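Colleague: I am new to reading models like this one. Can we go through it together, one question at a time?

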Amino acid sequence: MQIRPRLVTSLLSVLLGLSALPAAHAAPAIMNGGFESGFANWTTLDQTGSEGTFYLQSGTTSPTTGLAVAAPPEGSQAAMSDAGLGGPGTHVLYQDFVASAVGATLSFELFIGNRANDFYTPATLDFATAAINQQARVDILKAGADAFSVDSGDILMTLYQTQVGDAPVSGYTTITQDITALLATHNGETLRLRFAEADNLDVFQLGVDNVRIEIQGNPVPEPASVLLLVGALGALTITRRR
């Protein structure tokens with residue numbers, strides 16, 4: 001039996017439509033958000049001349065100064081900044097991820113241990129500035145931005161920032177932000193989730209744990225164009241046999 005021209009035309013139309021679809025991307029994810037695998041998938045940076053860094057923290061004392069802190073809320077470890085000799089510094093912890101156009105929220109838990117008893121928030125993360133600088137912030141940066149930048153052109157979204165008058169010691173507190181619009185705008189781009197802390201007045205512990213991106217509804221699957229193509233060719237074969 002001959003293949004019906006109308007059926008062939010319909011199948012070809014479907015295949016052409018599939019070929020015109022934009023490539024989909026896997027749902028964005030943060031890896032090792034509980035730091036149970038140490039700093040795998042994360043990068044730590046310290047401004048030149050800084051005392052201390054981000055350490056792995058467990059129990060209820062800070063990693064180097066031994067001050068009282070809250071226990072990690074998820075698992076046995078968190079990431080926490082601390083000053084090795086109690087001196088000033090600027091410390092950054094970040095992870096890059098690929099955005100895709102899905103509905104999603106980004107959540108994390110923060111411990112704030114500002115031992116200066118007040119916050120000072122100049123528009124810089126430079127601890128060597130002449131101004132008092134005692135602050136913490138969490139941002140999503142565009143690809144290629146300097147990890148220490150606070151320029152408005154580099155910061156796509158600020159998820160958290162300490163403010164003058166906030167309680168100097170608090171946590172762990174869950175912070176959740178909807179990032180759906182940001183993901184849609186930057187679909188397919190590599191973005192950077194950054195946790196940062198600067199202190200030049202007294203010791204500052206910034207604890208980070210349970211970092212995660214939660215997808216709203218079903219994640220966007222990888223494209224199945226090849227499978228659909230095989231199915232269409234199979235339909236042609238069956239029709240031809242009939």
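Colleague: Is Asn41 buried, partly exposed or exposed?
Modeller: This is a predicted model, where local features need pLDDT of at least 70, side-chain atom pairs count only at pLDDT 80 or more, and totals for chains, interfaces and linings use all residues. Residues are numbered from 1 along each chain as its sequence is written, and side-chain values use heavy atoms, with hydrogens and water left out. Buried means under 20% relative accessible area, exposed over 50%, and partly exposed in between, with a 1.4 Å probe and protein chains only. Asn41 has 49% relative accessibility, so Asn41 counts as partly exposed.

Colleague: Where is Asn41 found?
Modeller: Helices (H or I, at least four residues) and strands (E, at least two) are DSSP runs, numbered from the N terminus. Asn41 is not a glycine, yet its phi is positive, about 80°. Its place is the loop between helix 1 and strand 1.

Colleague: Which class of exposure does Asn117 fall in?
Modeller: Asn117 also has a positive phi, about 70°, although it is not a glycine. Asn117 sits in the loop between strand 5 and strand 6. Its relative accessibility is 58%, so Asn117 counts as exposed.

Colleague: What does the side chain of Glu36 reach at 3.0 Å?
Modeller: Glu36 lies in the loop between helix 1 (5–19) and strand 1. Contact means heavy atoms within 4.5 Å. Beyond four places in sequence, Glu36 touches Glu74, Gly75, Ser76 and Gln77. At 3.0 Å, its side chain reaches the backbone nitrogen of Gln77.

Colleague: How far apart in space are Glu36 and Glu74?
Modeller: Glu36 is partly exposed, because its relative accessibility is 38%. In sequence, Glu36 and Glu74 are 38 residues apart. In space, C-alpha to C-alpha, the distance is 9.1 Å.

Colleague: Is Gln47 buried or exposed?
Modeller: Gln47 is in the loop between strand 1 (43–46) and strand 2 (53–57). Leaving out residues up to four places away, it touches Thr90, Leu125, Asp126, Phe127, Ala128 and Phe148. Its relative accessible area is 19%, so Gln47 is buried.

Colleague: Which side chain does Gln47 join by a polar contact of 2.6 Å?
Modeller: A polar contact is a pair of N or O atoms within 3.5 Å; within protein, one must be able to donate a hydrogen and the other to accept it, and residues adjacent in sequence count only if both atoms are side-chain atoms. At 2.6 Å, the partner side chain of Gln47 is that of Asp126.

Colleague: Which residues touch the most other members of the largest nonpolar core?
Modeller: A nonpolar core is a set of buried Ala, Val, Leu, Ile, Met, Phe, Trp, Tyr and Cys residues joined through side-chain atoms within 4.5 Å. The largest one has 33 residues. The most other members are touched by Phe108, Ile140, Leu193 and Phe195.

Colleague: How many residues does the second core have?
Modeller: This core is separate. Its residues include Val92, Ala147, Ala196 and Ala198. The count is 6.

Colleague: Which residues does a cis peptide bond join?
Modeller: Look in strand 8 (residues 169–178), where Tyr172 is found. Omega is about -5° at this bond. The bond joins Gly171 and Tyr172.

Colleague: What pattern does the protein chain follow along the sequence?
Modeller: The chain has 3 helices and 10 strands. Of its 242 residues, 41% are buried. Read along the sequence, the pattern is α-β-β-β-β-β-β-β-β-α-β-β-α.
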